[in-house]
Amino acid sequence: MLKKDLIELCLLHLLSQGDQYGYELLRRLHDTFPDTQESAVYALLRGLCRDGCSEQYTGGASGGPARKYYHLTDKGLAQYAALLKQWQALCSALAALGLQ
Amino acid sequence: MKKPYLTRLERWAKWMLPRQEADDVLGDYRDIVGDPPRPDEELLRDLGKPRQVIRPLAQKKQYRVWLAVFVVMAGCLLIPGVSPLPGGPYPVWFSLFNSDGFLIPGVPMYLYFMAVGIATALIWFRPREEEPKTSLPRAVSVILAAELVLLAAVWWISWQITLYPDGVFADQAFWLPVLVYVGPFTYASHILAILLEWSSIPLMVLGIAALIKARTRDRRWRAVYVMSLTLMMMAFCVLSVFTSMDWTAAWVLPLPSSVEITVIGLIGTGASLC
């Protein structure tokens, strides 16, 4: 599992908890992976939209400009489940080696 | 001086991405960059260089199609443009106004370059339904006006050659002392030939710059590309008379070709402004 897949998993995980404001999503992931540029996370987020794993819509913000929100689709949920399974398999393999 | 980060990002986005997607991405990046924007050094560190930011967002196939289209349009300007220059492809120059035809008998090569270049520019940069109506960029109007004046000047020379076709211009051509033809070219006519020959350099630069602007700014910049191509062909049409080894056969060339080039060019330019 590559780091890219790991970040994608995190994006899908956050989206599975509810619709998210795009910029906030990027900030949170940048805080978690500080050595990864925000632009790389953004490219992954757009890739998810292009592949139909997430959808974007514009929602209002109180007193501010309209914000873009991201919503997980059924395809995204399936992708999330597949990546999660890979991640858990990797964790089990590492644990079997004694690496916790 | 380096342009602000967002400006450079906008240029790369509009160059590499389809217009709709570029606008979408730029909207997102205005959010990411913040208001007021973070300092450029910070943006370079957090996001990377503008080209690196946009590159992963571009779909390879779409981008390659655009590059191929750009190469075709640029080729229609550059290949004939360098053909009369020292070291240029002589077969192209030879066939440019040779009515023996290159692929189709009776169809000189300049018509292929003009047809492909203009048609590609009109089709690729066609208006989109969702496009907001804006006024024509001032620079486009100014450049087109200047090119029209130059076109009229070349036309006038072409017209005079047709009016006074006899090998020796000197007696009749008091109105155009540069067109004195007495065996070998006179010094003055030689200067005019050189001017016509090298006019292709600024026209090629202008045409390519117009294509880039049509992609990244306003698609109506394509009119400048079409007009540059037209003007270059007109200059070459007259130049072909100057450089022809068969003077008596060469003089019949300018008028019909000038009419063809001008009509195609003006229709193409007009359509490009729509």
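From the N terminus on, chain A runs α-β-α-α-β-β-α. That comes to four helices and three strands; helices (H or I, at least four residues) and strands (E, at least two) are DSSP runs, numbered from the N terminus. This is a predicted model, where local features need pLDDT of at least 70, side-chain atom pairs count only at pLDDT 80 or more, and totals for chains, interfaces and linings use all residues. Residues are numbered from 1 along each chain as its sequence is written, and chains are lettered from A and ligands numbered from 1 in the order in which they are written.

The C-alpha trace of chain A spans about 55 × 30 × 20 Å along its principal axes. Of the 100 residues in chain A, 22% are buried (20 or more other C-beta atoms within 10 Å of the residue's own, with C-beta atoms placed from the backbone). Among chain A contacts between residues at least 6 apart in sequence, 50% join residues at least 24 apart. Contact means C-beta atoms, placed from the backbone, within 7 Å.

| Helix | Residues | Contact residues include |
|---|---|---|
| H10(B) | 200–216 | Leu203(B), Leu206(B), Gly207(B) |
| H11(B) | 222–242 | Tyr225(B), Ser228(B), Met232(B) |

The axes of H10(B) and H11(B) come within 7 Å and cross at roughly 160°. Axes are lines fitted to C-alpha atoms, for helices over the stretch in contact, and angles run from 0 to 180 degrees between N-to-C directions. H10(B) is therefore roughly antiparallel to H11(B) (an angle over 145 degrees). By class, their contact has ten nonpolar, three polar and one charged residues. Ala, Val, Leu, Ile, Met, Phe, Trp, Tyr, Cys and Pro count as nonpolar, Asp, Glu, Lys and Arg as charged, and the others, Gly among them, as polar.

Terms used: Parallel < 35°, antiparallel > 145°, perpendicular 65-115°, else oblique. Contact = placed C-beta atoms within 7 Å. Buried ≥ 20, exposed ≤ 12 C-beta atoms within 10 Å, placed from the backbone.
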